[in-house]
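Open the model in your viewer and keep the selection tool at hand. This tour goes stop by stop, saying what to pick and what is there.

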Protein chains: 2
Amino acid sequence: MITKKSKYAIKALIYLAKQEKMKPVLIEEISTEERIPKKFLEAILLDLRKAGILGSKKGKGGGYFLLKPADEINMAEVMRIFDGAIALVPCVAHRYYEPCEECIDEITCPIREVFRVIREQTVATLKDNTFAVLLEKEKKLRRYRK
Amino acid sequence: MITKKSKYAIKALIYLAKQEKMKPVLIEEISTEERIPKKFLEAILLDLRKAGILGSKKGKGGGYFLLKPADEINMAEVMRIFDGAIALVPCVAHRYYEPCEECIDEITCPIREVFRVIREQTVATLKDNTFAVLLEKEKKLRRYRK
DNA sequence: TGTATAATCTATTATTATAGTAGGGTAATA
DNA sequence: TATTACCCTACTATAATAATAGATTATACA
């Protein structure tokens, strides 16, 4: 399961992607609109800034804003920031590789291949979903609802 | 990430699938051969028995054995026993459905669809991998190694 | 230049899940 | 009928998650 941090981060980024470009948005506003605990959101936005996804401005008229266009940010990179590896076992992770500690022989491990395939499928799907795509999906869903 | 319980369960089942059919294997033997803490393994095998995957026999000559042929047991059902839902968010889980507690509106949630696709891909891959398939894979990997 | 504003940093805490361990009880079989 | 091996209950250590509290720093603007 994905963590709340990842989910909150995705929600906050969708909210920011809807804004006028580069216009800073208050933590307070995102917190209220998306119902995310303010202090918790603070830490999340800070991580997104450190990862180079968001920019920030202090003082009056300050806030957070996207540093890149919405079609250049995808769900895979966001989830990796907060949840680490996307793979279900560390031995097939791409950026967070580690041998499975209980593994006797990685080379002949038959389940490794299975989890490698799953990781590739999952990463591909997450990468396809940029925040531009997510905005489009939300628009469509809202139309169908009416 | 998958839990150790799931990994140990898969390893134990592979070990049992290699045995002469219906011949009970001691917990002690599986524990030693697969390097799984014995007491921990006991609980795992018990869960597999309660799930109808394994049978057991007490007393001398007893032990655990597969109740079904290896091609009728797959990784998805095993992982569900120990890790619960395979989905990355509860709102797209098949057998363990729950609304996401922080979700404002499930109908217009754009990430739900993404995680639904990922769940379907993952489950399909896990289901393809029956324990008969895993045994075949292991054989192949051993051949290539030499 | 001062002050309100808003992000940033440092610490602490509650809760839950994981990964075991300990020790005895119970049932089947030679 | 003693042995063998499964079965059950309870406990514990560690780590991760999901927060909260309070002090600090940077910035705009009057």
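Start by selecting Thr32(B), which sits in helix H2 of chain B. The model is predicted, so read each distance here as computed from predicted coordinates. Show the side chain of Thr32(B). It reaches the backbone oxygen of Glu28(B) at 2.8 Å. Thr32(B) and Tyr15(B) are 17 residues apart in sequence. In space their C-alpha atoms are 11 Å apart.

**Chain A on its own**

Chain A has six helices and two strands. Follow the chain along its sequence and the pattern reads α-α-α-β-β-α-α-α. Along the principal axes, the C-alpha atoms of chain A fill a box of roughly 60 × 40 × 25 Å.

Next, select Glu28(A) and Lys38(A). These two form a salt bridge, with the closest N and O atoms 3.4 Å apart. The pair links distant parts of the chain: Glu28(A) belongs to helix H2 (residues 27–34) of chain A, and Lys38(A) to helix H3 (residues 38–50) of chain A. Ten residues separate them. Over all chains, the salt bridges come to 20.

**Where the chains meet**

Bring chain B back. Together the two chains bury about 4,100 Å² between them. Carbon and sulfur atoms account for 67% of that area.

Four salt bridges run between chain B and chain A. For one of them, select Glu102(B) and Lys7(A). The closest N and O atoms of this pair are 2.8 Å apart. Ten residue pairs are in polar contact between chain B and chain A, with both residues at pLDDT 80 or more.

**The largest pocket**

About 460 Å³ of space lies in it. The lining has 23 residues. To find the centre, select Met1(A), Leu88(A), Met1(B), Ile86(B) and Leu88(B), the lining residues closest to it. Then highlight helix H4 (75–83) and helix H5 (110–128) of chain A, plus H4 and H5 of chain B. Each of these elements gives two or more residues to the lining. By class, the lining of the largest pocket has 16 nonpolar, three polar and four charged residues.

**The second largest pocket**

Move on to the second largest pocket, with a volume of about 300 Å³. Its lining counts 15 residues. Select Ile104(A), Lys11(B), Glu34(B), Glu138(B) and Arg142(B), which lie nearest its centre. H5 of chain A gives two or more residues to this lining, as do H1, H2 and H6 of chain B. The largest share, three residues, comes from H1(B).

Key
Residues numbered from 1 in each chain as written. Chains lettered and ligands numbered in written order. Predicted model: local features only at pLDDT ≥ 70, side-chain atom pairs only at ≥ 80, totals over all residues. Heavy atoms only, no water. Buried area = accessible area lost by both parts, 1.4 Å probe. Salt bridge = Lys/Arg side-chain N within 4 Å of Asp/Glu carboxyl O. Polar contact = N/O pair within 3.5 Å; in protein donor to acceptor, adjacent residues only side chain to side chain. 1 Å grid on protein atoms, 1.4 Å probe; cavity = no way out; pocket = protein on both sides within 12 Å on 5 of 7 lines; lining within 4 Å. Points joined across faces, edges and corners; volume = space filled by probe spheres on them. Helix = DSSP H or I, 4+ residues; strand = E, 2+ residues; numbered from the N terminus. Nonpolar A, V, L, I, M, F, W, Y, C, P; charged D, E, K, R; others polar.
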